[in-house]
Amino acid sequence: MVPQHSPAHSAWRRIQTAWGLPDLSGKGRFVTANLIDSLGNGLVMAFTVVFFVKTTSLSLVAVGAALTAGQLLALPVPPLLGPLLDKYGPRTVVAVGNWVSVAGFIGFLFSHASWQIVLWQFVVQLGSTAFWMGNSPLIVLVARGDERARWFGFIRALRNVGIGFGGAASGVALSIGTVDGLRAVMVINAVSFAVAGWLIITFRGADTSEAADAGHAEPRPAEPKPAEPEQPAGERTGQPSGGYRTVLKDTRYLRLVATNISFAFASTVITVLLAAYVADNLDVGSWIVGVLVVLNTAMVALLQTLASRWIEARRPVTVLVLALLFNAAAFVVFGTLLVLPGWAVIAGLLIAMVLYTVGEILGSPPTSELSVVMAPEHLRGRYLGVYQMSWSVGGALAPALLTALLEGGAALPWVFLTAISVLAVPLVLGLDRRAAATSKAAPAGDVAPVEQFDGDAVG
């Protein structure tokens, strides 16, 4: 029997197509879990420091140092999670990551000393890293082959909206003022992450027929196929090789990782650099920073899915080069504001932020997608562990390096960011060309299953 579609269903599908949205039917639990994570992260980012200042006797400096120490302890985590992702699959890793974060939030409620904050911040960061390492390959399982770019763009937009609303909710929470009220908000956040984990572990909406071919299909021309990198003859035993040695020999993938370090540094501009640069070096009011942040958030929320329609029809390498060039142009404009008259600075800031946001919109879907599809399926967790390190290292180094450069000269951080964006362009070129040595993918029977839905192995 041919299924009948109601006019309302058809109209909604047309809206989805027009806005570059993926087919969301049957994916409600997955989408809701991602929204909960984004709201919670937005709340935590804006809420945690004040929470500990209000609920403990520690100073602001001590709280900040403890939270930073907890994050630094989590830097080596991605490579440790890689084998678990290969063994248990992305759905389990994502769900457990949510529940580990729950343990961390509960630990926050009983933290009174610096070492306790360090411990539980490490636990929260561990859960967050597990979530994001597993979420990208889970998106590949959820998406049909020709909608991967849309799904990555949609999740990016959803994350931006969630973080924005989470940040707004934190403002309401902080206005409560009482210690009991702040603790209640932390409890609600923990409960929401527990629900998100349950939604993921009970989710059965993946398209297994597409997922089975996710690592081998070429939904658009020139997309790189995941294949086992060239190995020494002594290692070619007919069985899939394992371990991080294989990852570190895959120079194509390492070029993607190195490129992503440039995007990782760029992603910290708003949180680390922008406010200090504007306040101390430009003759404009600090209010403009809030306007720029709202502009960035609104553009990503409204345009990311529309851009995904354009991205999915083009080579990922082409899109990445454009993203890097838009970033470089934005940083050049930010830096040249130092020599512009006051009346032109505001217009320059708005132009620079538009360029920066376009670079962000273009860069996110292809890097996330390539990080998954360029990895051999049986080692995907280990590959993603190395890829995640680019975010961890970039996020850890950027605050110290960019602020030190800013102290040395207002133009220096923009020169540095421009340089690494331009230097990343040659690393991207050729990523979508399959090396002759990797032209033969591992036989299907040699590839370990990535995930199971409803009892069917996907691999």
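**Helix faces, cores and confidence in a predicted model**

Ser136 is found in helix H6, where helices (H or I, at least four residues) and strands (E, at least two) are DSSP runs numbered from the N terminus. The structure is a predicted model, in which local features need pLDDT of at least 70 and side-chain atom pairs count only at pLDDT 80 or more, while totals for chains, interfaces and linings use all residues. Residues are numbered from 1 along each chain as its sequence is written, and side-chain values use heavy atoms, with hydrogens and water left out.

At 14% relative accessibility, Ser136 counts as buried; buried means under 20% relative accessible area, exposed over 50%, and partly exposed in between (1.4 Å probe, protein chains only). Not counting residues up to four places away in sequence, Ser136 touches Phe152 and Val372, a contact being heavy atoms within 4.5 Å. Leu119 is also found in helix H6, but with 36% relative accessibility it counts as partly exposed. The C-alpha atoms of Leu119 and Ala69 lie 9.0 Å apart in space, although 50 residues separate the two in sequence.

The secondary structure of the protein comes to 17 helices and two strands. Of the 459 residues in the protein, buried residues make up 50%. The accessible surface is about 19,200 Å², and 68% of it belongs to carbon and sulfur atoms; accessible areas come from the Shrake-Rupley method with a 1.4 Å probe, and for residues only the protein chains shown count as cover. Among contacts with a separation of 6 or more, 84% are accounted for by residues 24 or more positions apart.

The largest nonpolar core has 61 residues, and those with the most contacts inside it are Phe30, Leu138, Trp151, Phe154, Ile200 and Tyr253. Such a core is a set of buried Ala, Val, Leu, Ile, Met, Phe, Trp, Tyr and Cys residues joined through side-chain atoms within 4.5 Å. Helix H6 (residues 114-142) gives the largest share of this core, eight residues. Another core, of 30 residues, lies apart from it and includes Leu292, Phe331, Ala352 and Tyr356. In soluble globular proteins, nonpolar side chains tend to be buried together.

Helix H2 (residues 28-55) contains Leu35 and Leu43. Leu35 counts as partly exposed at 31% relative accessibility, whereas Leu43 is buried, with a relative accessible area of 10%. Leaving aside neighbours within four places in sequence, Leu35 is in contact with Leu158 and Gly162. Its C-alpha atom is separated by 9.6 Å from that of Asn160, 125 residues away along the chain. For Leu43 and Gly162, which are 119 residues apart in sequence, the C-alpha to C-alpha distance is 9.1 Å.

The 14 residues of helix H3 (residues 60-73) should span 20 Å at 1.5 Å a residue, and the end C-alpha atoms are 20 Å apart, which agrees. The expected span of a helix is 1.5 Å times one less than its number of residues. Val63, Ala66, Leu67 and Gly70 are buried in H3. These residues cover an arc of only 95 degrees around the axis, which puts them on the same side of H3; the arc is that of the directions from the helix axis to the C-beta atoms. An α-helix has 3.6 residues a turn, so residues three or four places apart point the same way.

Helix H4 (residues 77-88) has 12 residues and reaches 17 Å from its first C-alpha to its last, close to the 16 Å expected at 1.5 Å a residue. Its buried residues are Val77, Pro78, Leu81, Gly82, Leu85 and Asp86. Seen down the axis of H4, they fall within an arc of 160 degrees, so they line one face of the helix. They pack against helix H5 (90-109), H6, helix H10 (244-249) and helix H16 (380-408). Leu80 and Lys87 are exposed on the other side of H4.

The mean pLDDT of the protein is 79, with 78% of its residues reaching 70 or more; pLDDT is the predictor's confidence in each residue, from 0 to 100. Among the elements, helix H17 (residues 412-428) has the highest mean pLDDT (96) and strand S2 (residues 456-458) the lowest (34). The pLDDT is below 50 over residues 207-240, a stretch that has 78 contacts in the model beyond near neighbours in sequence. It is also below 50 over residues 435-459, where the stretch has 56 contacts beyond near neighbours in sequence.
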